[in-house]
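This report describes the fold of a single protein chain and then turns to one of its residues.

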Amino acid sequence: MLHIGNNTTSNIVSYGVAMDNSKQTFRSLVSFSGKHGINASKCDTRIIGNNATANTIPTIIHSNGTNQQTHEATTGAIDKEALLYLEESGIDTDEAIALIIGSIATPIFNRLPLEFLVESKQLLQMAITKEL
């Protein structure tokens, strides 16, 4: 995100999933050359499996002291209580995990054009249940 003008605002939001032996890395660059710019960056990752890893590498460049930037990163496993609730409702484990991960991705899916929305949700579910 490049803040060239004065009084600019931006948000960066990243959702990721690391499964099995995969490595998920979020890299960001926020550069302020103007004054009074504001940026908020957020990275949220879910880890499935014992060998998956997640990294967050933010780069922030300030040209002066009038800009504000925040960076928040969270990494965690799937909520065990939510998984148990879905399993006790009769949903098998693979499908329950896919539903939980899908709910994390909902803010991204909601920004997609309608023609991609259904396919994206189906692809996510297929990828997760195939891997598990």
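## Model and secondary structure

The model is predicted. The chain contains six strands and three helices. Read from the N terminus, the order of elements is β-β-β-β-β-β-α-α-α.

## Dimensions and contacts

The chain has a radius of gyration of 18 Å, whereas a compact globule of 132 residues would have one near 14 Å. Along the principal axes, its C-alpha atoms occupy a box of roughly 55 × 35 × 25 Å.

When contacts between residues at least 6 apart in sequence are considered, 75% of them join residues at least 24 apart.

## Burial, surface and charge

Buried residues make up 30% of the 132 residues of the chain.

The chain carries 13 negative and 9 positive side chains. The centres of these two sets are 14 Å apart.

## Ser14

Ser14 belongs to strand 2, which spans residues 9-19. Is Ser14 buried or exposed? Its relative accessible area is 12%, and Ser14 therefore counts as buried, since the cut-off is under 20%.

Leaving aside residues up to four places away in sequence, Ser14 is in contact with Phe26, Lys42, Cys43 and Asp44.

Methods. Residues numbered from 1 in each chain as written. Predicted model: local features only at pLDDT ≥ 70, side-chain atom pairs only at ≥ 80, totals over all residues. Heavy atoms only, no water. Helix = DSSP H or I, 4+ residues; strand = E, 2+ residues; numbered from the N terminus. Rg over C-alpha atoms; globule rule 2.2 N^0.38 Å. Buried < 20%, exposed > 50% of the residue type's maximum accessible area, 1.4 Å probe, protein only. Contact = heavy atoms within 4.5 Å. Lys, Arg positive; Asp, Glu negative; His and termini not counted. Charge placed at Lys NZ, Arg CZ, Asp CG, Glu CD.
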